[in-house]
Amino acid sequence: MEFSATLFNQLKVAEPFFLLAGPNVIESEEHIMRMAGHIKTISNKVGLPLVFKSSFDKANRTSSKSFRGPGMTEGLKILEKVKTAYDLPIVTDVHETVQCEAVGKVADIIQIPAFLCRQTDLLVAAAKTGKIINIKKGQFCAPSVSVPPHYSLTSYNLFVMTNSAEKIRLAGNSNVMVCERGTMFGYNDLIVDPRNLEWMREANCPVVADVTHSLQQPAGKKLDGGGVASGGLRELIPCIARTAVAVGVDGIFMEVHDDPLNAPVDGPTQWPLRNLEELLQELVAIAVNSLLLNLCRYYSDNPYVETK
């Protein structure tokens, strides 16, 4: 619990932002260890705090034929090796309440998948681990599901007791983050509304932008052998990422792969490892310039504020 609070406080004040990054799913121990080493080297070089991400089980795949990962027991062993070998905090997701205790013994951040963002029992079970909880906003949800919008005081108080972030706090855990990952736009597409990144601030917690899943095209890719899988618009990842850091998010969530075209899961929305450093350098520059611009505007509007 103490380490979780310390890490949470470090992430809250990270400048210009923190990074949650890694392959979508654990493909093998060798692959995960190699990816963790490369991503840590890059994040250190550009000066970003890194939390390494990968999933042990992709339980919500479009097709039952899709690769899901090694499962919880083997997957957590691999993530623990990453944590020890590279001295990295870990974020991974849970899908059932019975997973939370075991995952909490390894992961530093427990992620609630977007489809499950309103599941009270899952949120409470995750919260009770004492770990940081990252709640993905459902693709079907307005930002008000994660945070209360501008209601009258009475309706505000009624609503806030039912929103996802408050469920974590009411379970005794104040270490919560909310994550934008796009909103359904028709049947097979998502759109990112930058206003959500501002509205989600009302949760009074760090706001993360998932710049890869938000470009999915759910069930939008036909498979050669029959069936469908999620497609995506990888080429637009920089566009969404630039927007997010310009707005001023606290963290960027990004899935990264060394061979996205052959990734077994979500290849169309994983960013190539070979292009990661260049993109992160650009995002850092945008975030820093945006912060400086906002400071200039603040002091211009408040000329009598004393500065050190």
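A residue is called buried under 20% relative accessible area, exposed over 50%, and partly exposed in between, with a 1.4 Å probe and protein chains only. By this rule glutamate 255 is buried, with a relative accessible area of 0%. The model is predicted, so local features need pLDDT of at least 70, side-chain atom pairs count only at pLDDT 80 or more, and totals for chains, interfaces and linings use all residues. Residues are numbered from 1 along each chain as its sequence is written, and side-chain values use heavy atoms, with hydrogens and water left out.

The protein has 10 helices and 13 strands. Helices (H or I, at least four residues) and strands (E, at least two) are DSSP runs, numbered from the N terminus. Of the 308 residues, 51% count as buried. Contact means heavy atoms within 4.5 Å. Among contacts with a separation of 6 or more, 68% are between residues 24 or more positions apart.

Nonpolar cores were examined next. Such a core is a set of buried Ala, Val, Leu, Ile, Met, Phe, Trp, Tyr and Cys residues joined through side-chain atoms within 4.5 Å. The largest has 65 residues. Those with the most contacts inside it are Ile39, Ile252, Met254, Leu276 and Leu280. Helix H2 supplies the largest share of this core, seven residues. A second, separate core has 14 residues, including Leu11, Ala14, Val91 and Cys179. In soluble globular proteins, nonpolar side chains tend to be buried together. Isoleucine 252 touches Phe17, Phe18, Leu19, Leu20, Val208, Ala209, Val211, Ala244 and Val245, leaving aside residues up to four places away in sequence.

Salt bridges number 12. The criterion is a side-chain nitrogen of Lys or Arg within 4 Å of a carboxyl oxygen of Asp or Glu. Side chains of opposite charge can pair when their charged atoms come close. Glutamate 255 pairs with lysine 53, with the closest N and O atoms 2.6 Å apart. Glutamate 255 lies in strand S12 (residues 251-257) and lysine 53 in strand S2 (residues 50-53), so the pair ties together parts that are 202 residues apart in sequence. Lysine 53 is also buried, at 1% relative accessibility.

The side chain of asparagine 24 makes a polar contact with that of glutamate 255, at 2.7 Å. A polar contact is a pair of N or O atoms within 3.5 Å; within protein, one must be able to donate a hydrogen and the other to accept it, and residues adjacent in sequence count only if both atoms are side-chain atoms. Not counting residues up to four places away in sequence, asparagine 24 touches Lys53, Ser54, Ser55, Lys58, His213, Glu255, Val265, Asp266 and Gln270.

Glutamate 29 and lysine 81 meet at 3.1 Å, N to O. Glutamate 29 lies in H2 and lysine 81 in H3 (residues 72-86), so this bridge ties together parts that are 52 residues apart in sequence. Both ends are partly exposed: glutamate 29 at 32% relative accessibility and lysine 81 at 41%. Aspartate 108 bridges to lysine 83, the closest N and O atoms being 3.3 Å apart. Aspartate 108 sits in the loop between helix H4 (100-104) and strand S4 (109-112), and lysine 83 in H3, 25 residues apart. Aspartate 108 is buried at 3%, whereas lysine 83 is partly exposed at 25%. Elsewhere, salt bridges that share partners join Glu30, Arg34 and Asp258 into one network.

The charged end of lysine 136 sits over the ring of phenylalanine 253, 4.3 Å from its centre. The rule asks for NZ of Lys or CZ of Arg within 6 Å of the ring centre and within 35 degrees of the ring normal.

Backbone geometry was also examined. Most residues other than glycine have a negative phi, and most peptide bonds are trans. A cis peptide bond joins glutamate 15 and proline 16, with omega about 0 degrees. Proline 16 lies in the loop between helix H1 (2-12) and S1. Aspartate 87 has a positive phi, near 50 degrees. This aspartate 87 is in the loop between H3 and strand S3 (90-93), and is exposed at 66%.
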